[in-house]
Amino acid sequence: EDSKIVPVSFARYYYRAEAPWHEEQKRGGLDVRFARPGWILGPGSWFKRFFWEPYILSGNVPCYGEGKQMMSVIHLSDCAAMIDTLSREGVSGQNLNIFSGNPVSQAEFSSLMAEILEAEVEYIPQSILKRRFGSTVTDALCSSSAMVTGFPEMHKITGAEFSNTRSMLSDVIRLLKNKQGILPDTP
């Protein structure tokens, strides 16, 4: 949690915006705490755009690059619960890596999703990804973020509902399947 921050992809933009808060945390004038989530798994955002929609269009689950990049994943509801735990149970100035279960490679992530959906995995080379979406998205989907924590008690206090990637994926896929064809997309 207190390792040097090396922002990648979209995090470069967040980091610049957070700079005054990082300075204030160092100064110690205010109780500034940072929740540092891994890949937040919910029925929207990156998962919907880069995994669910390609599956809907092709019938295959994508895996980007070689699939060796590591992912620390957390279900959206468990992420909110862990941030709440940090705010109530954490100490002044504490940072907390927000994830649940063990890190998985993107190949494992895509394989689990394909297994749940009874589909195949389709590997998308970085060069194609970069042509389609640019460098920032390519960096995000092809970088590793295997998180650990120095505060396992915080994770335990939270009591994650979804403790492994399979259970997270199963729930989010269920939510997306229930939404599919029932509700119109909102602007």
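In which helix is Ser 110 found? In this predicted model, Ser 110 belongs to helix 4, which spans residues 106–117.

**Ser 110 and its surroundings**
- Ser 110 has a relative accessible area of 0%, and is therefore classed as buried, the cut-off being under 20%.
- Its side chain reaches the backbone oxygen of Pro 62 at a distance of 2.7 Å.
- Beyond its neighbours within four places in sequence, Ser 110 is in contact with Phe 51, Val 61, Pro 62, Cys 63 and Val 121.

**Nonpolar cores**
- The largest nonpolar core holds 31 residues, of which Leu 41, Trp 46, Phe 47, Phe 51, Phe 109 and Met 113 touch the most other members.
- Two or more residues of this core come from each of strand 2 (39–41), helix 2 (45–58), strand 3 (60–64), helix 4, helix 6 (135–142) and helix 8 (165–179).
- Helix 2 supplies the largest share of this core, 6 residues.
- Setting aside residues up to four places away in sequence, Phe 51 touches Trp 46, Val 61, Pro 62, Tyr 64, Gln 106, Phe 109, Ser 110, Met 113 and Leu 141.
- A second, separate core has 7 residues, among them Ile 74, Met 82, Leu 86 and Leu 96.

**Strand 1 and its partner**
- Strand 1 (residues 34–37) runs parallel to strand 6 (residues 95–98), and 4 bridges join them.
- Within this pairing, Arg 36 stands opposite Asn 97 of strand 6.
- Phe 34 and Arg 36 form the covered face of strand 1, whereas Ala 35 and Pro 37 form the uncovered one.
- In a regular strand, side chains alternate between the two faces of the sheet.

Note on methods
Residues are numbered from 1 along each chain as its sequence is written. This is a predicted model: local features need pLDDT of at least 70, side-chain atom pairs count only at pLDDT 80 or more; totals for chains, interfaces and linings use all residues. Side-chain values use heavy atoms; hydrogens and water are left out. Buried means under 20% relative accessible area, exposed over 50%, partly exposed in between (1.4 Å probe, protein chains only). A polar contact is a pair of N or O atoms within 3.5 Å; within protein, one must be able to donate a hydrogen and the other to accept it, and residues adjacent in sequence count only if both atoms are side-chain atoms. Contact means heavy atoms within 4.5 Å. Two strands pair if DSSP finds at least two bridges between them. A nonpolar core is a set of buried Ala, Val, Leu, Ile, Met, Phe, Trp, Tyr and Cys residues joined through side-chain atoms within 4.5 Å.
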